[in-house]
Amino acid sequence: SGMLQLGRGPSWETNTSGEGNDKNSAEKTDTKTETQIREVKDAPITANSALSEYLAVNLLGGEEKIYLDSFPEALDENVLMDALLEAYYQNPLILGIKSYQLSMDGKTLIVTYDSSTVDTSKKQKEILAKIDGIINSIITDDMTDIEKELAINKYLCDTIVYDDGALANAEENDYQYVDEKFNDSFTAYGALINGDCVCAGYAAAFKLLADQAGIESIVTTGMLDGTVAHAWNKVKIGGEWQNVDVTNNDNEALYNALLNIPNYASDQTLVEDKDFVLDSTLAKYRGKITDNEYYRINNEYFDIDEIANQLAQGINDQGKIVLRTDYDIDDNQFYDITDAVYSKIDPNAELSGYYWLGVIYLEVD
């Protein structure tokens, strides 16, 4: 489980500055737009609109005032917020944002950050250098997109420890914010530099590594099992978008239960919101294919009529087994399967196990 980047996600504050209220504000703004934005080199921008791209570039550079004169559509607060959320979530090198405030005339976005521009720039450079090193060590030119994706997923599962302390702290603060010492756990810095993060860090790191490896991906936000705010990814493999949730793939027993699963399966546990991309583009990121799902490509998927035989064989051979069957099996079907397994193994054996989205783990006690 995990959360969004609470306390650093886009939250509106009431304007108190009065900025933009006088008749000369447009003239002032025109001159300000010529200000040089700090460029983050080697940071690709993911955006579905010119406004989203412009916001992303400014936020990456740590701009405290973002002038919107060139984007009349931004006067519609819903359009602005839609683009702002996409810019923020799809560009994980944007670090440590506390809040956003709109000027009274609606033409200037005022941003408050957790850290100074100097500190943020230093962290961005550390992340980019780390990404280069990781990709050079785990990716080769002859790999397919799936092989690259599997390597990235494995690297993150192998090197990150879920930060339960950050989660507990967020719970203590009613998910409104976290104490400063946990800030990094909600970013790619926590994931890649500290090796300690919650779901937002896993998802941010996956997106950055996939970008570097040449795989198209996005960060996705919503709820896990309808109860906990969560972040995961979608990745485009074979021309269609599939869901990959590295946080939940990092599970010793049900390893990679959420790697390249279609939306009709992921929707059972991952409930998407509308924040992560422009509302008008949400539909294009939903896929149906199952061919690239982890257990299928490893020949560890079996129809419900065959799964008991395969599980029993695994129990007899090695004492424990994990395989996948239909995504939507329920408790009764799981008990029927385990009853069938019992009939094919040592009658004195005692089994324990569980299932999730069709992935079944069984072992002899």
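**View 1. Strands E9 and E10 run antiparallel, joined by two bridges.** Strand E9 covers residues 240–244; strands are DSSP runs of E with at least two residues, numbered from the N terminus. Asn-243 has Ile-261 in E10 as its bridge partner. The model is predicted: local features need pLDDT of at least 70, side-chain atom pairs count only at pLDDT 80 or more, and totals for chains, interfaces and linings use all residues. Residues are numbered from 1 along each chain as its sequence is written, and side-chain values use heavy atoms, with hydrogens and water left out.

**View 2. Five antiparallel strands form an open sheet in the order E10-E9-E8-E7-E11.** Strands pair if DSSP finds at least two bridges between them. E10 (259–261) and E11 (270–272) are the edge strands, each pairing on one side only.

**View 3. The largest nonpolar core has 77 residues.** Such a core is a set of buried Ala, Val, Leu, Ile, Met, Phe, Trp, Tyr and Cys residues joined through side-chain atoms within 4.5 Å; buried means under 20% relative accessible area (1.4 Å probe, protein chains only). Leu-55, Leu-109 and Leu-156 touch the most other members. Contacts of Leu-55 (heavy atoms within 4.5 Å) include Ile-66, Leu-80 and Leu-109, not counting residues up to four places away in sequence. Another core, of 17 residues, lies apart from it and includes Leu-311 and Ile-329.

**View 4. The structure holds zero disulfides (pairs of cysteine sulfur atoms within 2.5 Å).** For Cys-157, the nearest cysteine sulfur is that of Cys-197, 11 Å away. Cys-157 counts as buried, at 7% relative accessibility. The sulfur of Cys-199 is 8.5 Å from that of Cys-197, its closest, too far for a bond. Cys-199 is also buried, at 0%.

Technical notes
Buried < 20%, exposed > 50% of the residue type's maximum accessible area, 1.4 Å probe, protein only. Helix = DSSP H or I, 4+ residues; strand = E, 2+ residues; numbered from the N terminus.
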